[in-house]
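I opened my notebook today to look at one protein model. Here is what I looked up, entry by entry.

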Amino acid sequence: MMNRGYLPRMLIQRWGCGKSYVWLCLNLVYMDIYMAPVRGFAFNVGEKAAPYFLPFLLSDIYYLSVFMLSVLYFFSDVPFLGRRQMYIIIRMGRTRWNFYNCIYILASGFLIWIAAFISNILLMGRQVRFTGGWGKIIGTLAMTDAGVQTGQLINIPYGTIVYYHPVRFLALSFLLSGLAIAVTGMSMYCASLFAGKVCSAVVGSMMVLLSGIADYLFGTPLNYVSPVSWMRIGIFESGKIMRMPDIQYMVAAMVLLLTGLMAISGWKAKRMNLYWREEN
């Protein structure tokens with residue numbers, strides 16, 4: 001049957017396309033701008049750095065904004081109505097087709113974080129060492145002004161490394177970032193089902209823009225309705241005065257959002273007019 005093994009094949013096919021490679025290359029280039037000073041600092045002091053930088057990168061509003069714009073590019077093919085999809089929809093039915101698309105978007109949210117984490121490790125090269133603690137490099141950058149003196153672009157708040165164990169820090173970033181990326185993708189998917197690809201791009205852009213507005217107007221309730229802002233766990237315990245919801249609120253809100261968006265997309269998928277477009 002077509003349904004058997006369809007999800008793994010779909011993941012391999014969509015992640016193996018040229019668009020995914022372009023997304024990966026763009027992120028490697030942009031991430032290296034931030035990681036090159038860290039790599040140089042670690043080399044100069046003769047110490048290897050622990051691989052816990054990605055959550056700090058995603059806590060920087062400028063890096064986060066560009067990263068999420070690349071996520072919009074990654075999901076730019078929603079609602080996945082290429083010519084081959086017409087045959088798949090006919091064979092498996094609209095309900096199953098929509099369900100698999102939703103699972104793909106959810107899985108991709110976490111796979112994107114994993115790909116970014118692996119890229120971060122690769123960019124550190126020989127200057128990375130896996131350890132159970134924060135390590136001397138992160139500790140020095142957090143507790144001294146070495147970051148300013150060596151031109152570091154990554155801000156590592158001392159309060160963050162005191163409050164979080166690094167493994168918990170990574171796990172929390174994985175959970176919140178994966179859910180936030182999935183919410184963004186599902187919002188674009190639902191918008192595309194109702195109003196087309198242009199509307200989906202507008203919806204995704206507004207979600208990214210909202211996080212920037214929430215940062216500029218810190219202390220406002222916008223952080224309670226901006227899932228992209230919840231990826232910035234590096235500033236939660238940094239001492240910066242921000243009105244942020246607690247972790248339970250963030251997870252529950254995003255799970256409810258994803259559930260609601262999946263239900264809406266399922267309703268619309270049963271009623272939409274089918275059309276296909278050429279895939280590049």
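**Entry: a proline in a loop.** I started with P79, which sits in the loop between helix 4 and helix 5 (83-92). Helices here are DSSP runs of H or I with at least four residues, numbered from the N terminus. The bond joining V78 to P79 is a cis peptide bond, with omega about 5°. Most peptide bonds are trans, a handy thing to remember here.

**Entry: ground rules.** I noted that the model is predicted, so local features need pLDDT of at least 70 and side-chain atom pairs count only at pLDDT 80 or more, while totals for chains, interfaces and linings use all residues. Residues are numbered from 1 along each chain as its sequence is written, and side-chain values use heavy atoms, with hydrogens and water left out.

**Entry: helix 2 with helix 4.** I looked up how helix 2 (residues 18-45) meets helix 4, and found that their axes come within 10 Å and cross at roughly 175°. Axes are lines fitted to C-alpha atoms, for helices over the stretch in contact, and angles run from 0 to 180 degrees between N-to-C directions. That angle makes helix 2 roughly antiparallel to helix 4 (under 35 degrees is roughly parallel, over 145 roughly antiparallel, 65 to 115 roughly perpendicular, the rest oblique). Contact means heavy atoms within 4.5 Å; among the residues making it are W23, Y30 and Y34 of helix 2 and Y62, F67 and F74 of helix 4. I sorted this contact into 12 nonpolar, 3 polar and 1 charged residues. Ala, Val, Leu, Ile, Met, Phe, Trp, Tyr, Cys and Pro count as nonpolar, Asp, Glu, Lys and Arg as charged, and the others, Gly among them, as polar.

**Entry: helix 2 with helix 6.** Next I checked helix 6 (residues 94-124), whose axis comes within 9 Å of that of helix 2 at a crossing of roughly 45°. That makes helix 2 oblique to helix 6. In helix 2, W23, L24 and M31 are among the residues that meet helix 6, where the partners include I112, A115 and L123.

**Entry: helix 10 with helix 11.** How do helix 10 (residues 166-195) and helix 11 (residues 197-216) pack? I found an angle of about 150°, with the axes 7 Å apart. That makes helix 10 roughly antiparallel to helix 11. Their contact includes V183, M188 and A191 of helix 10 and C199, V203 and M207 of helix 11. I listed 7 nonpolar, 5 polar and 1 charged residues in this contact.

Conventions: Helices (H or I, at least four residues) and strands (E, at least two) are DSSP runs, numbered from the N terminus.
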